[in-house]
Amino acid sequence: MNPRLDAPYGSLIDRNQPRSFTFEGETVNGYLGDTVASALIANNHWLLSRSFKYHRPRGPLSMAGHDANTLVQTASAPNRLAEELPIDLGEAVSGQNYVGSLKRDWLRALDWLGRFLPVGFYYRAFYKPFGVWRLWEPMIRHMAGLGVANLESQPPYRDKQYLFCDVAVIGAGPAGLSAALEAANGGAQVLLVDENTQLGGALTYHRFDTDVESSTTLLSSLHQQVLGHQHIRVLSSALCNAWFTDHYLPVLQGDRMFKVRAETCILATGSTEQHVVFRNNDLPGIVLCSALDRIIRHYAIAPEGDVAVLAGNDLAYHTALQAHDAGLSVTAVIDLRPSPDDETLCEALATRNIRLETGATVSEALADRDGLRLGNIMVSHLAADGSVAGERCRIACATLAMSAGFMPAYQLACQAGASLSYDDASAHFKISGLAEGLFLAGSVNSVHTLEAVCADGRNAARAALTALGHNADTPETVSCTARVNHPWPIFKHPKGREFVDFDEDLQIKDIVNAARQGYRDIQLVKRFSTVGMGPSQGRHSALPTARLIAKATQRSVTETGVTTARPPVKPELLGLIAGRGFDPHRHTPMHEQHLALGAHMIPAGTWRRPGFYGDPVHRERWIREEALAVRNNVGIIDVSTLGGIELRGPDAAEFMNRLYTFGFLKQPVGRTRYAVLTNEHGVVIDDGVAARLADDHFYVTATTTGVDRVYRDMLKWQAQWRLSLDISNVTAAFAAVNVAGPNARRVLEAAGCDIDLSAEAFPYLDYQEAAIADIPVRMLRVGFVGELGYELHVPSMMAHRLWEIVMAAGAPWGIRPFGVETQRLLRLEKGHIIVGQDTDGMSHPGEVHLAWAVNRKKPFFVGCRSVDIVMQQPLSRLLIGFSLSPDAPRPKEGHLVLKDGDIVGNVTSCEYSPNLDRVIGLAYAHPDDAAPGSIIDVRTDNGVVVQAIVTTLPFYDPDNERQTL
Amino acid sequence: MRGRPYELPIAQPPRLPCRYPCSHRVRCAPGSLTLSDLSLQRRSGLRGSDVPDWLVQQGLPRVDTPNRIEAAGEQQWVMALSKREFWMLDGNQTALEERPASVAVTPNAWPLYCQHSHVWWHLSGDDRAALMAKLCGVDLSEAVFPVGHVAQTQMARISVIVAHHDWQGVAGFSLFLDQSLAAYAWSALEDAMQEFGAC
Amino acid sequence: MKRMQCPLNGLRNISEFVYGGQVTTMPNPATCTDKQWAHYVFYEDNDIGVMREWWLHAPSGYWFIAERHNASDEIVRTYDASECFSSRVDFSASETAS
């Protein structure tokens with residue numbers, strides 16, 4: 001390992017704690033605080049990966065995790081940024097996207113074949129003739145693939161948490177720190193978010209002046225004040241990856257996603273340094289100026305060999321000075337401009353014996369002998385129009401730091417609806433049209449000198465405080481005339497390979513060709529060329545692309561624009577978005593008892609219900625046995641999931657009458673009525689049983705999955721009608737069981753039910769209140785399954801005891817618990833429909849034989865007018881019963897009913913009935929075929945058409961004698 | 001002092017006429033959080049325009065602002081969920097034998113069945129707001145949700161009423177939620193509590 | 001995520017609310033034409049501007065009215081339904097049968 005620079009260089013590493021890891025099978029040494037990338041370059045290893053398309057060698061570009069050059073593979077996951085992976089990760093690391101070895105990738109030949117692979121080539125070349133893409137695709141994906149997913153890897157526990165604040169400050173550079181302090185001092189609760197481990201942004205690595213002291217002092221002062229402030233919460237190593245409406249910010253930190261809800265938001269997201277576009281500008285060793293700054297200041301690394309700097313602005317000179325002062329061998333500064341804006345910089349270089357080449361550019365980078373690292377640069381003259389005018393000299397260097405300028409990190413602001421404009425003359429950016437409560441500070445606001453950046457931060461905080469209703473000082477005047485962007489840092493080379501987009505291996509000609517193909521719109525250029533689609537999302541490619549397209553189409557950069565900024569800003573783990581899975585599910589009070597009885601639980605809406613009792617392997621047998629027990633003896637089913645709604649008050653009957661189709665005003669107390677609900681379209685949407693408990697009190701059931709909607713609809717109507725009643729959803733307050741079968745009465749008598757259960761005293765469809773033991777029971781003599789039956793509704797927390805008592809009392813008869821699957825069969829035998837299964841979004845009462853339940857003498861019910869209209873029209877379909885021999889192919893729900901080959905309806909329910917030894921079902925059929933004995937065609941699996949016989953409903957006990965016993 | 005989270009051994013509950021999901025359970029992250037089931041304690045609700053006056057006639061406080069809770073005696077509270085819906089909480093008594101009333105106590109005051117429809121849990125400890133921030137989108141920190149405040153909101157995707165009040169002299173959140181979701185909600189809370197109990 | 005001011009519960013995430021359609025006036029079902037009724041049931045005017053809409057705060061079961069601009073999605077005002085529906089609504093004919 002090469003020795004590191006002495007402190008204070010190396011602010012992120014701890015020299016007392018050596019660490020190591022393996023890269024490509026070799027041990028790499030470094031220190032705690034190093035990343036995989038920094039440890040590798042400290043060991044003079046710059047080759048980290050192979051590029052996506054041409055398999056070119058790549059090394060770090062930004063050292064900030066802002067490019068895709070450093071994507072590496074670890075044992076657990078692919079595509080991890082080496083600048084973000086800590087050295088003590090504990091996993092072996094390797095490069096990506098190569099065949100053979102990283103240094104000798106067999107597919108590097110693709111680089112030479114590149115001219116045969118122009119942009120859009122895949123779409124045009126591999127899709128014809130039709131179907132041939134299927135052959136090419138696996139090969140192309142293999143060659144252009146990235147890492148390998150580890151399918152065995154177990155994701156860690158990831159979760160989410162809300163965070164609330166008055167001001168969220170995104171970015172903790174000098175602007176963000178100043179803004180956070182000002183806002184907190186003004187009385188706001190501040191959340192400060194930064195993606196780096198260290199606060200300070202550019203202050204931690206850049207030297208803003210020839211005098212290095214001032215920035216260091218400022219940093220430590222801001223640091224101290226912020227960390228000690230009781231109103232500031234700091235989240236470092238945390239990425240704010242999106243802006244959503246009303247300042248809802250997902251902030252990713254470790255294995256958690258914070259859902260930040262801020263009242264106001266200050267974006268101090270800084271700016272992204274831009275690269276210069278010249279031939280072979282992707283060679284390992286060519287980095288952004290800020291990357292070299294970080295390498296020196298954060299990691300105390302002095303790269304081996306000579307260093308050159310390619311400057312499009314004055315800031316790059318500071319990089320050269322800093323590198324020299326740290327002891328690096330800086331040979332030359334090449335300035336794209338005729339001279340620096342600050343003339344003293346020339347002197348500073350001269351005193352350090354650093355050669356200055358102005359009015360020149362690097363026109364080509366040349367690799368060293370292995371072809372894996374920068375060896376030389378070719379410096380060329382620039383003509384007055386900015387084009388390359390001829391070679392000037394060749395300079396040997398292993399590292400080249402470049403800066404063409406700075407583009408605001410506009411992503412979050414533009415996600416919030418702002419627009420980015422660019423002044424072609426001054427090469428200045430401007431972000432305008434900010435959402436309410438959103439403010440910019442610092443270099444994202446195109447303010448670049450240190451004092452101005454801090455003042456801009458304070459001003460943003462003052463604006464936020466004012467928006468929050470706090471008092472704030474009047475804003476300071478901020479002026480910044482520094483020019484940081486070079487207008488045309490793009491230098492075409494006859495042999496190409498001037499990379500605009502490193503992620504996607506796109507060169508100048510690829511972008512220009514897109515315009516030649518007729519794609520003028522930047523969005524179309526993106527989709528055609530894939531520019532900006534890589535992991536760095538156009539951070540470095542958007543500006544040169546906009547410039548090239550603007551030039552090619554004779555427009556300004558503002559007119560060309562950049563592509564729409566959408567979340568996420570950086571690639572993120574789906575596991576963080578998923579977090580913990582919340583899957584609410586309901587249990588009835590008898591849940592434990594069902595499990596003890598061996599119930600096979602199935603989902604029913606959000607509920608878990610017994611489907612039947614017994615192992616699912618013998619499903620048919622359990623259902624048959626349970627069904628026979630109900631028909632011939634007695635069974636009990638938990639129907640607690642049924643919805644329950646109470647209507648109480650003088651207008652309870654009036655309200656029932658307006659909601660449901662039947663008449664309820666004259667329903668006697670102590671009686672139940674079937675209640676059908678239609679919506680305003682006249683479609684049947686729910687049904688239930690309404691019991692009148694008192695003149696002013698109805699208890700009405702609703703379907704398990706429909707009750708929430710029914711209750712909401714009722715509340716909404718009541719908000720308009722203003723009747724005198726109270727509406728309560730009492731589903732959770734009451735649990736219920738249905739005891740059904742010829743022996744049901746005897747079992748309930750044995751259970752000690754304190755009322756006369758005889759048919760005379762308690763006839764079919766009556767309601768009574770009783771007690772079993774000391775449990776108050778609302779008893780409804782109704783039966784979905786068509787046997788003598790009692791529905792017992794009890795306060796929820798007493799239901800487990802009711803179950804125990806009834807089961808014990810029924811033991812001498814062999815009472816059998818039955819599940820919802822059995823119940824569905826039993827009700828089908830009786831031809832009772834299930835709303836939602838046997839009805840759909842078009843079913844009106846006439847189609848499902850419920851015309852009898854519609855009272856058309858009353859003035860109004862919801863949907864009455866629609867019901868009138870549709871029921872006057874000729875029926876187009878009718879729900880009918882059908883039966884089949886048990887050995888015929890069995891239709892399933894949804895299978896089509898045909899008439900003369902045309903679709904006329906579908907099967908809605910179909911089961912084998914052990915009681916009848918027939919397959920029975922319900923289906924919509926043509927009204928002409930509705931007469932019992934008619935034959936309908938049902939198309940089953942694989943197109944097999946079976947002839948089913950239309951059968952009178954109900955299939956079982958046609959005279960309904962059993963339920964009235 | 002924080003300790004590893006643990007579940008107190010469940011004393012074999014007496015054979016009670018009522019049984020609640022998770023009843024008699026207490027979950028602790030010592031020094032940081034305690035989640036206890038209070039479902040056996042008495043609670044009743046009334047809804048209707050005449051309720052506020054009726055409450056005053058009973059000697060109970062008038063809570064005019066919706067979503068507030070006020071003490072009505074030692075371990076007793078009145079909670080206002082709207083201008084016409086009020087819950088009475090009684091930490092002194094259990095309510096096991098009573099038949100839930102359904103008849104109006106006064107013409108426009110209808111009893112609600114909250115004793116049977118909702119479980120009642122209590123969450124105390126310094127980290128209670130931080131814990132709830134993992135499950136609920138409403139800021140329940142002391143500064144904006146002080147003692148006396150009530151929030152009708154969602155927790156882990158289910159509806160919940162959160163009431164901030166003292167219980168036996170210690171501030172905490174009472175949570176009221178649909179009893180059928182109790183097993184689900186308890187496990188969601190337990191899961192969220194894990195990180196608060198690290199040694 | 002958007003937030004909305006619930007007149008009963010205060011500022012809440014939009015995920016706590018359920019949209020209930022525009023506030024419309026039902027034509028008299030006893031006297032209106034089929035066409036008027038169909039217009040009421042099936043048609044939305046789909047104008048751009050501030051609309052009066054029903055919203056439900058689901059955890060508290062509270063319906064209220066929001067005035068929202070359907071292009072900018074700005075919520076101008078929310079208020080209790082009693083501002084628009086202050087008195088009892090009845091339907092003309094009286095009950096003649098049960």
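## A guided tour of a predicted model

Start in chain A by selecting Phe21(A), Phe23(A), Phe278(A), Leu310(A), Ile334(A), Ile377(A) and Leu400(A): among the 78 residues of the largest nonpolar core, these touch the most other members. A nonpolar core here is a set of buried Ala, Val, Leu, Ile, Met, Phe, Trp, Tyr and Cys residues joined through side-chain atoms within 4.5 Å. Buried means under 20% relative accessible area, exposed over 50%, and partly exposed in between (1.4 Å probe, protein chains only).

Before moving on, note that this is a predicted model, in which local features need pLDDT of at least 70, side-chain atom pairs count only at pLDDT 80 or more, and totals for chains, interfaces and linings use all residues. Residues are numbered from 1 along each chain as its sequence is written, chains are lettered from A and ligands numbered from 1 in the order in which they are written, and side-chain values use heavy atoms, with hydrogens and water left out.

**Stop 1: around Ile377(A)**

Which residues are in contact with Ile377(A), leaving aside its neighbours within four places in sequence? Select Ala308(A), Ile334(A), Val362(A), Glu364(A), Cys393(A), Arg394(A), Ile395(A), Cys397(A) and Leu400(A). Contact means heavy atoms within 4.5 Å. A second, separate core has 48 residues, including Tyr660(A), Met714(A), Trp717(A) and Phe860(A).

**Stop 2**

Helices (H or I, at least four residues) and strands (E, at least two) are DSSP runs, numbered from the N terminus. Select residues 450-468 of chain A to see helix α11, whose 19 residues reach 27 Å from first C-alpha to last, close to the 27 Å expected at 1.5 Å a residue. That expected span is 1.5 Å times one less than the number of residues. Just after α11(A), look for Gly469(A), which takes a positive phi of about 90°.

Next, pick residues 619-632 of chain A, helix α18, with 14 residues. Its buried residues are Trp622(A), Ile623(A), Glu626(A), Ala627(A), Ala629(A), Val630(A) and Arg631(A). What do they pack against? Show β30 (607-613), β31 (635-638), β37 (734-740), β41 (816-817) and α23 (820-829) of chain A.

**Stop 3: where chain A meets chain B**

Colour the two chains separately; the contact takes 42 residues from chain A and 43 residues from chain B. About 3,500 Å² is buried between them, with carbon and sulfur atoms giving 53%. Buried area is the accessible area (1.4 Å probe) that two parts lose on being put together, summed over both. On the chain A side, Phe582(A), Arg648(A) and Met797(A) lose the most area to chain B, together 21% of what that side buries.

There are five salt bridges between chain A and chain B, counted where a side-chain nitrogen of Lys or Arg is within 4 Å of a carboxyl oxygen of Asp or Glu. To view a salt bridge, select Lys134(B) and Asp159(A), whose side chains meet at 3.1 Å, N to O.

**Stop 4: where chain B meets chain C**

Here the contact takes 11 residues from chain B and nine residues from chain C, and about 720 Å² is buried, of which carbon and sulfur atoms give 44%. Select Asn67(B), Gln152(B) and Gln154(B), which supply 54% of the area that chain B buries against chain C, more than any other three residues. How many salt bridges cross the interface of chain B and chain C? The rule finds zero. Strand β10 (residues 150-155) of chain B gives the most to the side that touches chain C, with four residues.

**Last stop: chain B alone**

Show chain B by itself to find four helices and 12 strands. Of its 199 residues, 58% are buried.
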